Amino acid sequence: MARLDVWLWSVRLFKTRSMATNAVRGGHVRLNGDPVKPAREVKPGDRVTVKEPGWVREFEVVQLLKKRVGHPVAITAYIDHSPERPPQLTVAMGRRDRGAGRPTKRDRRDIDKLIGRYESESHADDED
C-alpha cells in the first residue's frame, strides 16, 4: 500500500509532494469517485481522478511506487484513461515579455478581449 499523495508525486503527476498533498486537500483529486485525504492508501486497480483547469484526467493504478522514479518507469505505474486534451488548452496564450513591467490599461483591455471577458456595453455608457 502507498499513500495517495506519495503515489501522485512518485508517478510525476505533480512536481512536488506538497503540491500533490494540497491538490488532494483542495478536492482536486478523487479516488474511485470519492473525495479523500492525502494519507489514503491506494492499491492496484484504483481509479484516480485529477482535475486541472478545463480538463479532468483519469488514471488507473497499476503499480505502487513509494519513491519518485524516472519518466519511463513512472508511465508504467498507471494506465491513462483521460479524454484527449481540449484544443483550447493546447494553444499557448499570448505571454508578456519578462521584465516588461505592469500592463497598461490598454494592455489589460487587450488581454480581457483575448480571454473573452471584454464587454463593450460597459464602455458605451461613458460616452453619454
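This is a predicted model: local features need pLDDT of at least 70, side-chain atom pairs count only at pLDDT 80 or more; totals for chains, interfaces and linings use all residues.
Residues are numbered from 1 along each chain as its sequence is written, and side-chain values use heavy atoms, without hydrogens and water.

The hairpin of strand 5 and strand 6 has 2 residues between the strands, and Gly-54 adopts a positive phi near 80° there. Gly-54 counts as exposed, at 55% relative accessibility (exposed means over 50% relative accessible area, with a 1.4 Å probe and protein chains only). The C-alpha atoms of Gly-54 and Arg-85 are 9.0 Å apart, with a separation of 31 residues in sequence.

## Pairing of strand 5

Strand 5 and strand 6 run antiparallel and are joined by 6 bridges; strands pair if DSSP finds at least two bridges between them. Within this pairing, Val-50 has Arg-57 of strand 6 as its bridge partner.

Strand 2 (residues 29-31) also runs antiparallel to strand 5, with 3 bridges between them. Here Arg-30 has Thr-49 of strand 5 as its bridge partner.

## Helix 5

Arg-106 belongs to helix 5 (residues 105-115). The relative accessible area of Arg-106 is 67%, so this residue is exposed.

Definitions and conventions
Helices (H or I, at least four residues) and strands (E, at least two) are DSSP runs, numbered from the N terminus. Buried means under 20% relative accessible area, exposed over 50%, partly exposed in between (1.4 Å probe, protein chains only).
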